[in-house]
Amino acid sequence: MGFQSDNSPTNVSDKIPIVKRCNIRYFPRLMEPAETTLQKAVAAYLEKAGTNAFAIEQAHGLPEDSVRSILNGTKKLGTTLNKAQAVCAALGLELYVGPPRETGPVEQVSLDGADYAHIPLHDAMLAAGTGCDNSAEQIVDQLAFRRDWLRKIGVSASAARLARVQGDSMQPTMWAGDMILIDTQRSMPTVRSKDAKDQRRSPIYAMIDNGEARVKRIERPSAELLMLISDNPDYAPELRQGADCQSIQIIGKVVWWGHTAKE
């Protein structure tokens, strides 16, 4: 199961007055220099993900202090960010740091002064259990979501997809037939920091596991270890280690689900 869309990049910022400084775009009086913006964006991400700079560097094989130097606000000439700014200036490219932007056309409708985006519902089931084969999945319907709400949770409408849950391993959080909203721009979760104060549950992901579509919480204690966790206590956690982790292909992060009550 793979969600795809036609990539027709749009640039909504073209409709907003801008000024150019070394060919890198800034929004007048609204945006800070790229380095400060990146520093805040990285800090906010780490806090939301419940991890730290060292864990990110280890998990993704980044050079030592590559993330920490951004958090420390390094501004010396020759740092990675300044090099990137110089390259962008030389090539006339935009260096952008901010929320996800649209990657394709999205059907939109306005109701009572609010803008809604149509999100496609795929004829696909994500198993809260052993897995589903969706080799013939197609778009069967659409559901409208408010654009301002999508922006608030950091989801690009063009990257959002809807599917349904099958099975009972995610009960009582999700029930068979529940509709879920998937952000396909979210990849494998990062290593979680070992902070005893962090009581947040592991995030829920839609994935392809050995060719079958599933939905589970993913806990990542280290770069080489994954745990697939069900909310139903009757299902034991599944441990994936080393090469076995490669069998999992992330479709995206589940950011919303809806349940229809049945008599």
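# Chat on a predicted model

User: Asn210: buried or exposed?
Analyst: Asn210 is exposed, because its relative accessible area is 59% and the cut-off for exposed is over 50%. Bear in mind that this is a predicted model.

User: Where does Asn210 sit?
Analyst: Asn210 belongs to the loop between E8 and E9.

User: Which residues does a cis peptide bond join?
Analyst: Gln171 and Pro172, with omega at about 10°. Most peptide bonds are trans.

User: And where does Pro172 lie?
Analyst: In the loop between E6 and E7.

User: Stepping back, how many helices and strands does the protein have?
Analyst: Five helices and twelve strands. The protein has 263 residues, and 40% of them count as buried.

User: What share of the contacts comes from residues 24 or more positions apart?
Analyst: Taking the contacts with a separation of 6 or more, 63% come from residues 24 or more positions apart.

User: What is the mean pLDDT of the protein?
Analyst: The mean is 75, and 66% of the residues reach 70 or more.

User: Which elements have the lowest and the highest mean pLDDT?
Analyst: Strand E1, residues 19–21, has the lowest at 30. Strand E7, residues 179–183, has the highest at 94. Across residues 4–32 the pLDDT is below 50. That stretch still has 47 contacts in the model beyond near neighbours in sequence. Where pLDDT is low, the predicted coordinates should not be read in detail.

User: On to packing. Which residues of the largest nonpolar core touch the most other members?
Analyst: Leu126, Met174, Ile180, Ile182, Val215 and Val254, out of 14 residues in that core. In soluble globular proteins, nonpolar side chains tend to be buried together.

User: Which strands each supply at least two residues of this core?
Analyst: E6 (160–166), E7, E8 (204–209), E9 (212–222) and E12 each do. E8 gives the most, with three residues.

User: What other core lies apart from it?
Analyst: A core of eleven residues, among them Phe145, Leu150, Ala160 and Met179.

User: How many bridges join E7 to E12?
Analyst: Five, and the two strands run antiparallel. In that pairing, Ile182 stands opposite Val254 in E12. Ile182 and Val254 also belong to the largest nonpolar core.

User: How many bridges join E8 to E12?
Analyst: Five bridges here as well, and E8 and E12 are antiparallel. Asp209 stands opposite Ile248 in E12.

User: Now the rings. How many aromatic pairs does a search of the whole structure find?
Analyst: It finds two aromatic pairs. One of them is Phe145 with Trp149: the ring centres are 5.9 Å apart and the planes are at 20°, so the pair is stacked.

User: Why is Phe145 counted as buried?
Analyst: Because its relative accessibility is 7%, and the cut-off for buried is under 20%. Trp149 is partly exposed, with a relative accessible area of 30%.

User: How do Phe145 and Trp256 pair?
Analyst: Edge-to-face, at 5.2 Å centre to centre with 85° between the planes. This pair links distant parts of the chain. Phe145 is in strand E5 (residues 139–146) and Trp256 is in strand E12 (residues 248–258), 111 residues apart. Trp256 counts as partly exposed, at 26% relative accessibility.

User: Which residues form one aromatic cluster?
Analyst: Phe145, Trp149 and Trp256.

User: What lies over the face of Tyr235?
Analyst: Lys216, at 5.6 Å from the ring centre.

User: Last one, Cys245. Where is it found?
Analyst: Cys245 is in the loop between strand E11 (238–241) and E12.

User: Is Cys245 buried or exposed, and what is it in contact with?
Analyst: Cys245 counts as buried, at 10% relative accessibility. Leaving aside neighbours within four places in sequence, Cys245 is in contact with Glu224, Leu225, Leu226 and Arg240.

User: And how far apart are Cys245 and Met227?
Analyst: They are 9.5 Å apart in space, C-alpha to C-alpha, and 18 residues apart in sequence.

Definitions and conventions. Residues are numbered from 1 along each chain as its sequence is written. This is a predicted model: local features need pLDDT of at least 70, side-chain atom pairs count only at pLDDT 80 or more; totals for chains, interfaces and linings use all residues. Side-chain values use heavy atoms; hydrogens and water are left out. Rings of Phe, Tyr and Trp (its six-membered ring) pair if their centres lie within 6.5 Å; planes under 30 degrees apart count as stacked, over 60 as edge-to-face and the rest as tilted. Buried means under 20% relative accessible area, exposed over 50%, partly exposed in between (1.4 Å probe, protein chains only). Helices (H or I, at least four residues) and strands (E, at least two) are DSSP runs, numbered from the N terminus. A charge sits over a ring if NZ of Lys or CZ of Arg is within 6 Å of the ring centre and within 35 degrees of the ring normal. pLDDT is the predictor's confidence in each residue, from 0 to 100. Contact means heavy atoms within 4.5 Å. A nonpolar core is a set of buried Ala, Val, Leu, Ile, Met, Phe, Trp, Tyr and Cys residues joined through side-chain atoms within 4.5 Å. Two strands pair if DSSP finds at least two bridges between them.
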